[in-house]
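Biologist: I would like to learn how to read a protein model, one feature at a time. Please take me through it.

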Amino acid sequence: MSRPFNAWREGLVFYGPALAGAVVLLALGLEAVGVVLLVIGLACLLFFRDPPRRAAVAEHEAVAPADGKVVGIEELETTPHYDGPCRRVSIFLSVLNAHVNRAPLAATVADISYRPGQFHNAMKAETTDSNESNSVRLNTEFGPMTVRQIAGAIARRIVCIARTGDRLAQGQRFGMIRFGSRTELYLPLDAEVCVAAGDKVRAGLTVVARFPL
């Protein structure tokens, strides 16, 4: 995929006006309002951070597609987001997490499917069926995978720059979800899940599953 993803650019429409407005208000002596706007701008700037990640992992190890907390690990017989039985690892992202999504393995994008929906608290398992979402189906050397970007109570836009046919490197950025969300990773049944519910993971760094060689 030749199109680089830039989280700072995605967030400019939020933190840019807030910081510019804060500078103007502070210059005019309106310190109370200016400080509030400055705090809002800095908080937005922090949300759109995109720390560099370079994982020293093996090619058969899948890394987390998002920062956050593992809130569910399940084995599913059937799901509309994967062909056949699979394992699902669900990650909840709070507003304090970096929200850039990354490819778990080197892969080719097989299909992308956006679905409009609600904006309920993404910590709850039922939001997987009701909230706005975007499913990125991937073909990898170790079988098909799906990364689902799911909007949360505060999120109002899913960003995905990947396109069908794109080739993604392991850990490569392909999008983000604005302001609190959920990311799900659907894996083949032969994948050995390496995390547990409650674990904190980091996109592109934490190994979440291994495949037999």
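Modeller: Start with one residue. Arginine 148 is buried, at a relative accessible area of 0%. Buried means under 20% relative accessible area, exposed over 50%, and partly exposed in between, with a 1.4 Å probe and protein chains only.

Biologist: What kind of model is this, and how are residues numbered?

Modeller: This is a predicted model: local features need pLDDT of at least 70, side-chain atom pairs count only at pLDDT 80 or more, and totals for chains, interfaces and linings use all residues. Residues are numbered from 1 along each chain as its sequence is written, and side-chain values use heavy atoms, with hydrogens and water left out.

Biologist: Where is arginine 148 found?

Modeller: In strand β7, residues 143–151. Strands (E, at least two residues) and helices (H or I, at least four) are DSSP runs, numbered from the N terminus.

Biologist: Which side chains make polar contacts with arginine 148?

Modeller: A polar contact is a pair of N or O atoms within 3.5 Å; within protein, one must be able to donate a hydrogen and the other to accept it, and residues adjacent in sequence count only if both atoms are side-chain atoms. Here the side chain of serine 133 is one partner, at 2.9 Å. The side chain of serine 135 is another, at 3.3 Å.

Biologist: Which residue forms a salt bridge with arginine 148?

Modeller: A salt bridge is a side-chain nitrogen of Lys or Arg within 4 Å of a carboxyl oxygen of Asp or Glu. For arginine 148 the partner is glutamate 184, with the closest N and O atoms 3.1 Å apart. Glutamate 184 lies in strand β11 (residues 181–187) and arginine 148 in strand β7, so the pair ties together parts 36 residues apart in sequence. Glutamate 184 is buried too, at 0% relative accessibility.

Biologist: How many salt bridges does the structure hold?

Modeller: Nine. One of them joins the side chains of glutamate 61 and arginine 210, at 2.7 Å from N to O. That pair links distant parts of the chain: glutamate 61 is in strand β1, arginine 210 in strand β14, 149 residues apart.

Biologist: Is glutamate 61 buried or exposed?

Modeller: Buried, at 11% relative accessibility. Arginine 210 is partly exposed, at 33%.

Biologist: Now the sheet. How do strands pair?

Modeller: Strands of a sheet pair through backbone hydrogen bonds, either parallel or antiparallel. Two strands count as paired if DSSP finds at least two bridges between them. This model has an open sheet of eight strands, in the order β9-β5-β6-β7-β11-β3-β2-β13, with antiparallel pairing. At the edges stand β9 (167–168) and β13 (200–201); each has a single partner strand, so one side of each lacks a neighbour in the sheet.

Biologist: How many bridges pair β2 and β13?

Modeller: Two, in the antiparallel sense. Glycine 68 has valine 201 of β13 as its bridge partner.

Biologist: Which residues form the nonpolar patch on the surface?

Modeller: Patches are made of residues with over 30% relative accessible area and no salt bridge; like charges are joined within 9 Å, nonpolar side chains (Val, Leu, Ile, Met, Phe, Trp, Tyr) within 5 Å. Leu26, Val35, Leu38, Val39 and Leu42 form this one, with about 380 Å² of accessible area together. Accessible areas come from the Shrake-Rupley method with a 1.4 Å probe; for residues, only the protein chains shown count as cover. Helix α2 (residues 31–47) gives the most, with four residues. Leucine 42 is in helix α2 and is partly exposed, at 44%.
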